[in-house]
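The sequence and structure are shown first.

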Amino acid sequence: MEENSVKLENTRRLAAIVAPLLAWYRENARVLPWRENTEPYRVWLSEIMLQQTRVDTVIPYYERFLAQLPDISSLAHAPEAQLLKLWEGLGYYSRARNLQKAAKMVMEKFGGRFPETFEEILSLPGVGVYTAGAIASICFGLPTPAVDGNVLRVTARLLGSFVDIASPQVRDQVGRALTKVYPREGSGDFTQALMELGATVCLPNGAPRCETCPLRNLCSAFETGSQQILPVKTKKAARKIQEKTVLLLRFGDELALSRREPGGLLGGLWELPNADGRLTPGEAAKLLDDWGVDAIKFAPGPLGKHVFTHITWEMTSFEVLCRAPSPRFHWAAPRALEEDLALPAAFRIFLK
Ligand code: SF4
């Protein structure tokens, strides 16, 4: 009985936020390119790009992508090299590959029309419950919440909830609770308003801007002064550190590249030749020998570091001037590196 009344209280509190939150959003929403035109292809593309990536970073990528691949058909038929080049630097390249797989599926299974139900959208490669909820509500007006970290934080504070928001069950519960209060009109705005409040007002790390929040009179955390300690979230395991040695092999103005093995981290993408571990000059010279590289000059190069989700690469390097272009590698001129070949950011830092 007590649990039921808690749930009822939560539903009432969430229902009460709908009108003030929508009014605030319509007055204060940031102008973002994917909000100006909510055609499903555009919203889908933006949601995929925004996974793990900041808004400011995404905007130029989004615009360049749309300029070259303006619709689902052009994405489905794009050469992989063009697709990866458009994605270069955004990271998590499986997102780009899944986008194209999904575009092909839309062409083949849905006759080129973006699917309009939550379940069909969810069936597309690379689309999870969050993204399907966002597209279904923003593009088709369905009452389908998109529960991300922002929304979990906002709801935990609003409801004064001390449950662990890292738990998948909590995510489902929040999704179900929000579904009950979705407005008939303005579903897409409500989805975006929750995200926007989390991104611009109800900020993480104990720094919410409650004084400007349209929901402060409805917020349990504000009422009890617990906004600094909410939400409760268990910490992820620390990232593993992996050492690498990168060999910057130059012949004239060309640079040696190789392809990574398919699958796994950065699978199938271009890379600078490298080896695991921090090689000594002697070990690096031996490796060059094994690779059949005839070096004229050989010197320590810059250091580099790249952080992935679960692992950090700490890289040392050697700069090597070659007498001839070893056939073991693909030799790229600066223009090809700039315009055609997608080299992940983890390696591109060595080109600066
Ligand atoms: Fe977040 Fe503060 Fe607004 Fe509550 S009042 S929702 S803690 S910004």
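The sections below describe a predicted model, beginning with the ligand and ending with the charged pairs.

The residues surrounding the ligand are R157, V201, C202, P208, C210, C213, R216, C219, F222 and Q227. Sorted by class, this shell comprises seven nonpolar residues, one polar residue and two charged residues.

The ligand takes up the space of the largest cavity. The description of that cavity therefore applies to the place where the ligand sits.

## The largest cavity

The model contains two cavities of 30 Å³ or more. The largest cavity holds about 120 Å³ of space. Its lining consists of 16 residues, of which C202, P208, C210, C213 and C219 are the closest to the centre. These five residues also belong to the shell around the ligand.

Two helices, α10 (149-159) and α13 (220-224), each provide at least two residues of this lining. The greatest contribution is that of α10, with three residues. By class, the lining of the largest cavity is made up of twelve nonpolar, one polar and three charged residues.

## The second largest cavity

The volume of the second largest cavity is about 40 Å³. Its lining is formed by W34, R35, T38, V43, S46, E47, I138 and Q192. In this lining, three residues are nonpolar, three are polar and two are charged.

Helices α2 and α3 (40-50) each contribute at least two residues to the lining of the second largest cavity. Here α3 gives the most, with three residues.

Across the whole structure, 16 salt bridges are found. Side chains of opposite charge can pair when their charged atoms come close.

R30 is partly exposed, at a relative accessible area of 31%, while E196 is buried, at 1%. The pair also forms part of a network of salt bridges that links R30, R35 and E196. Of these residues, R35 is also listed in the lining of the second largest cavity.

R260 is located in the loop between β2 (254-259) and β3 (270-271), and E271 in strand β3, so the contact ties together parts that are eleven residues apart in sequence. R260 is buried, with a relative accessible area of 17%. E271 is buried as well, with a relative accessible area of 11%. Both residues count as buried because the cut-off for that class is under 20% relative accessible area.

The side chains of K286 and D290 also meet in a salt bridge, at 3.2 Å from N to O. Both residues are in helix α14 (residues 281-291), where they are four residues apart, about one turn of the helix. K286 counts as exposed, at 51% relative accessibility.

Methods. Residues numbered from 1 in each chain as written. Predicted model: local features only at pLDDT ≥ 70, side-chain atom pairs only at ≥ 80, totals over all residues. Heavy atoms only, no water. Near = heavy atom within 4 Å. 1 Å grid on protein atoms, 1.4 Å probe; cavity = no way out; pocket = protein on both sides within 12 Å on 5 of 7 lines; lining within 4 Å. Sits in = over half its atoms within 2 Å of the grid points. Nonpolar A, V, L, I, M, F, W, Y, C, P; charged D, E, K, R; others polar. Salt bridge = Lys/Arg side-chain N within 4 Å of Asp/Glu carboxyl O. Buried < 20%, exposed > 50% of the residue type's maximum accessible area, 1.4 Å probe, protein only. Points joined across faces, edges and corners; volume = space filled by probe spheres on them.
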